[in-house]
Amino acid sequence: MSFGSLMMLQNTNPKKTQRIMKPKNIIPYFIFLILTIPYTQAQQPTISDNVLQVKTKPLAFVEQHILNSKILEQKIALDVYLPETYNDASIQHTYPIILLLENEFFYQITGAVKHLSSVDSMPEAIVVGFPSGFEKFYAPKVYTNNSDFWPKSWKQMPFDGAPETFVDFLRKELFMYLQGHYRTADYRMIIGTSPTSTFPLHAFCKEPGLFQAHIAIAAGDILGMGYEPEENFINAITESIKTHPDRRAHLYITSADADTDYDATIGTNIEELERQMTPFKSQNLKLKAEIFPNESHYGVVLPAFTAAMETFFPKKKWNLDFRDFEKQPGNTLNNIDVYFQKLSSEYGYTILPKADRWNSGSSLRASANRLLRQKRFEESIQVYQRLTAYRPKSPEALSRLASAFEANNNLEKALMAQEKALELAKKHDRDHLTQYEERMEKISSKINDLKE
């Protein structure tokens, strides 16, 4: 049964039509662009001598792929959002995957990821959505247990795609495809909303290791459903935690308070799950179930995602003040590395310190700048060198390293670094080429003056 067929069945009860997703009739981006290019070109004004012609660049880093799935027996469109730094960062940088089952919220979630990662409230991540959906609804056909949110005639949810098939698709096709095309980390997150939250709950219970983080939004009614009559996901989740006590897994489940007004059992389900999970919460098991206040059924998506990120990536661990590393005994770069190695061990993939951070002093660049001003030259040089390793295309990073060498009276190394900066500027920053040339000339003049 397709998403559309499920919606048609749901429409037999008009009071509940808001509960199901709408079919996706989104025109693929590349077709849209082809159709609109002639129009946009026709609308371009003639550039006169008084109008400045500027370069253009994309504002959103989204690519679309078509994956021919033999397992699902259909072509799957993929929307892939990349962090802004992806193409400038070194190959050492890998990124968690966020799999979004409800593509309606693709731009909301990618916007939130961009913002939250820029202020170190979560790691930078690759977001993957499915703009055309699937021909079947892949989720376990759970018993509704007389949920008031669905037609009373439904004893089971009419999902027509076997979850085992979808798991095979993820493991054998999608994850391998993404790994082959992008620098993906061994940390995957899945987000489901309303009926699509069934699969993230199933994955947490039955497929440990498939995902490291699970988010189920508007899922309070689904919690009351189960694999067998009189069973429910509340107990299935708790049993899964007991069975795999040492697993590294994160789980966030919520429903809006507007849903609890419609059906009080939704609030009861959320509260009972939170009660049962509380004894198991730990550094490796970050678990939370809550009723979200002052929100509607689908309006809760964005604030719920933000709350989930705070649950999985608490600010006290992620939103760091690099000044603390500089104040600690010992070497600053070593202090930074020790912390991030510990963080990597906790999350199970390599997490690197931020090379740069918008409007903040908490980054390698900012730390190196402060160390230089404090005349801690050797430490400053070390941090700048790490910065250049993390941003191999950045002439600015090399030029700053040159400044640190110069301040430490190592003019030969300063000149070498500035020469490399100039070469990079010719490839990546020609707008500021003159500045790099002048900087190199000044260093060369100092060396010549010393020789005379």
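User: Which residue in β2 does Gln64 stand opposite?
Analyst: A word on the model: it is predicted, local features need pLDDT of at least 70, side-chain atom pairs count only at pLDDT 80 or more, and totals for chains, interfaces and linings use all residues. Residues are numbered from 1 along each chain as its sequence is written, and side-chain values use heavy atoms, with hydrogens and water left out. Strands (E, at least two residues) and helices (H or I, at least four) are DSSP runs, numbered from the N terminus. In β2, the residue opposite Gln64 is Asp79.

User: Over how many bridges do strand β1 and β2 pair?
Analyst: Strands count as paired if DSSP finds at least two bridges between them. Strand β1 covers residues 62-69, and its pairing with β2 is antiparallel. The number of bridges is eight.

User: Which residue in the hairpin of β1 and β2 takes a positive phi near 60 degrees?
Analyst: The hairpin has four residues between its strands. The residue sits in the loop between β1 and β2, and it has the positive phi although it is not a glycine.

User: How many of the eight residues of strand β2 are buried?
Analyst: Strand β2 spans residues 74-81. The rest of the structure largely encloses this strand, because its count of buried residues is seven.

User: Which residue in β4 does Asp79 stand opposite?
Analyst: β2 also joins strand β4 (residues 126-129), running antiparallel to it, through three bridges. Across from Asp79, the residue in β4 is Gly129.

User: In which sense do strand β3 and β4 pair?
Analyst: Strand β3 covers residues 95-100, and four bridges connect it to β4. Ile98 stands opposite Val127 in β4. The sense of the pairing of β3 and β4 is parallel.

User: Which are the edge strands of the open sheet?
Analyst: Eight strands make up the open sheet, ordered β1-β2-β4-β3-β5-β6-β7-β8, with mixed pairing. Each edge strand pairs on one side only, and these are β1 and β8 (285-292).

User: At about how many degrees to β1 does helix α4 run?
Analyst: Helix α4 (residues 163-181) lies across β1, β2, β3, β4 and β5 (184-193). For such angles, axes are lines fitted to C-alpha atoms, for helices over the stretch in contact (heavy atoms within 4.5 Å), and values run from 0 to 180 degrees between N-to-C directions. Relative to β1, α4 runs at about 140 degrees.

User: Is Ser194 buried or exposed?
Analyst: Ser194 is found in the loop between β5 and α5. This residue has a positive phi of about 60 degrees although it is not a glycine. At 0% relative accessibility, Ser194 counts as buried.

User: How many aromatic pairs does a search of the whole structure find?
Analyst: Rings of Phe, Tyr and Trp (its six-membered ring) pair if their centres lie within 6.5 Å; planes under 30 degrees apart count as stacked, over 60 as edge-to-face and the rest as tilted. The whole structure gives a total of 25.

User: Which type of pair do the rings of Trp318 and Tyr347 form?
Analyst: Phe233 is buried at 0% relative accessibility. For Trp318 and Tyr347, the centres lie 5.4 Å apart and the planes are at 80 degrees, so the pair is edge-to-face.

User: How many residues apart are Trp318 and Tyr347?
Analyst: Trp318 belongs to helix α11 (residues 315-318) and Tyr347 to helix α13 (residues 332-347), so this pair, whose planes stand at 80 degrees, links distant parts of the chain. Trp318 is buried at 8% relative accessibility, and Tyr347 is buried at 1%.

User: Over the face of which residue does Arg183 lie?
Analyst: A charge sits over a ring if NZ of Lys or CZ of Arg is within 6 Å of the ring centre and within 35 degrees of the ring normal. Arg188 lies over the face of Phe175, at 4.4 Å from the ring centre. Arg183 is 4.2 Å from the ring centre of Tyr86.

User: How far apart are the axes of α13 and helix α15?
Analyst: Thr332, Leu333 and Asp337 in α13 meet Glu379, Gln382, Val383 and Arg386 in α15. The two helices pack at about 45 degrees and are therefore oblique (under 35 degrees counts as roughly parallel, over 145 as roughly antiparallel, 65 to 115 as roughly perpendicular and the rest as oblique). The distance between the axes of α13 and α15 (residues 377-390) is 8 Å.

Note on methods: Buried < 20%, exposed > 50% of the residue type's maximum accessible area, 1.4 Å probe, protein only.
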